[in-house]
Protein chains: 2
Amino acid sequence: MLPFMRCARSGRSVIRAVAATAACVIALMPIMGGGAEDEASGVFGVRLPEGYRDWRLISVAHEAGGLDDLRAILGNDIAVRAFQEGTRPFPDGTVIARLAWRHQSSAANGAAFGQAQSFVAGPPTNVQFSVKDSRRYADTGGWGFGQFEGGKPNRDEALLRTCFPCHDRAAKATDRVFTHYAP
Amino acid sequence: MLPFMRCARSGRSVIRAVAATAACVIALMPIMGGGAEDEASGVFGVRLPEGYRDWRLISVAHEAGGLDDLRAILGNDIAVRAFQEGTRPFPDGTVIARLAWRHQSSAANGAAFGQAQSFVAGPPTNVQFSVKDSRRYADTGGWGFGQFEGGKPNRDEALLRTCFPCHDRAAKATDRVFTHYAP
């Protein structure tokens, strides 16, 4: 809050102070919503959306190879409605969450089934968000990207700068989104 | 509503009619909730819960082998709260939904990533439900089971009678539920 306080002191009259405060609030809005600046993931300033774990399911996925994870793709209400109604491009306010866990063989399930063929969600790896804001993220197709591990924002700028080039290879007809809604 | 109307006519006084109506309503409750009797899955009489696709996520899974599917396990509010708070046995009213789709390689994702390692939800296979009602399903640990394909109830009694023996091999400490809540 230090920048905000420094700004507010600059006005000499009450009116000027109010005007200055308002200007500062507007200028600081991108870093005020949802928490302090140090809670934002790098490059795009995306914050961990409150309650995202309880968002509705869009689809599931399994990424093999080096990642070897199981995934759930969840969405806020704007995202889910857009997926269900086929609205493209996605409207501003869309937030898509990709949760991932280790693709882990379940010994308990294998014992019950008589063979090892059951893979379940192991320890969580990271959570990624795609946030649609056509003005703020105009240079990246209207999408901002963030990543969190254990609730902590990832600030590896080189990593986060790989998000858009990869999504940019997805079909333009899907608004650069890989996931399709699972019925 | 024909049985209900026939019952209501049997009373000679208003009081008798009300009493008869109440008795009929109670007797008909198992087939009134959620639709007609022919909408229920076999053996346990489980019906497709309205809105289950928008329930919250409990976990994800990948069943390899012959099934070769990707799964999402969703729950109604009672189920999700019990999972989150660790309540066992699950309270009456718990409904757990297991959705499954073919474990399908995504050619589009493979083209974007430069290698085929991405599996997504293909066509849906079936949806199974575990319903907790300790009185109605007292003989099967308090659990009733149902299966639906394309929204239609499965009435293969031999198939549905395999549900409980398999769940009965899961740990009693988890109340015969295989799934754990994914953080």
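Biologist: Let us start with Thr94(B). Which backbone oxygen lies 2.7 Å from a polar atom of its side chain?
Modeller: The backbone oxygen of Pro91(B) does. To read such a polar contact, look for a pair of N or O atoms within 3.5 Å; within protein, one must be able to donate a hydrogen and the other to accept it, and residues adjacent in sequence count only if both atoms are side-chain atoms. Before we go on, this is a predicted model: local features need pLDDT of at least 70, side-chain atom pairs count only at pLDDT 80 or more, and totals for chains, interfaces and linings use all residues. Residues are numbered from 1 along each chain as its sequence is written, chains are lettered from A and ligands numbered from 1 in the order in which they are written, and side-chain values use heavy atoms, with hydrogens and water left out.

Biologist: Where is Thr94(B) placed in chain B, and is Thr94(B) buried or exposed?
Modeller: Helices (H or I, at least four residues) and strands (E, at least two) are DSSP runs, numbered from the N terminus. Thr94(B) sits in the loop between α3 (77-85) and β3 (95-105) of chain B. Buried means under 20% relative accessible area, exposed over 50%, and partly exposed in between (1.4 Å probe, protein chains only). With a relative accessible area of 0%, Thr94(B) is buried. Setting aside neighbours within four places in sequence, its contacts (heavy atoms within 4.5 Å) include Asn76(B), Ser130(B) and Trp143(B).

Biologist: How do I read pairs of aromatic rings?
Modeller: Rings of Phe, Tyr and Trp (its six-membered ring) pair if their centres lie within 6.5 Å; planes under 30 degrees apart count as stacked, over 60 as edge-to-face and the rest as tilted. Over all chains, there are 14 aromatic pairs. One of them is tilted: Phe113(A) with Phe178(B), 5.3 Å centre to centre and 55 degrees between the planes. Phe113(A) lies in helix α4 (residues 107-113) of chain A and Phe178(B) in the segment after α6 (163-167) of chain B, so this pair joins two chains. Phe113(A) is partly exposed at 28% relative accessibility, while Phe178(B) is buried at 16%.

Biologist: What kind of aromatic pair do Phe129(B) and Phe148(B) form?
Modeller: An edge-to-face one, 5.7 Å centre to centre with 80 degrees between the planes. This pair links distant parts of the chain, with Phe129(B) in strand β4 (residues 118-132) and Phe148(B) in strand β5 (residues 143-149), 19 residues apart. Both are buried: Phe129(B) has a relative accessible area of 1% and Phe148(B) one of 2%.

Biologist: How many residues does the largest nonpolar core have?
Modeller: A nonpolar core is a set of buried Ala, Val, Leu, Ile, Met, Phe, Trp, Tyr and Cys residues joined through side-chain atoms within 4.5 Å. The largest has 70 residues, and those with the most contacts inside it are Leu57(A), Phe129(A), Leu57(B) and Phe129(B).

Biologist: How many disulfides does a search of the whole structure find?
Modeller: A disulfide is a covalent bond between the sulfur atoms of two cysteines. The search looks for cysteine sulfur atoms within 2.5 Å, and it finds zero disulfides over all chains. The sulfur of Cys163(A) is 8.3 Å from its closest cysteine sulfur, in Cys166(A), which is too far for a bond.

Biologist: How do I read the relation between two copies?
Modeller: Two copies of a chain are related by a rotation about an axis and a shift along it. Here, a rotation of 180 degrees with 0.0 Å of shift superposes chain B on chain A (RMSD 0.0 Å), by least squares on the C-alpha atoms of residues with pLDDT of at least 70 in both. That is the relation of a two-fold axis.
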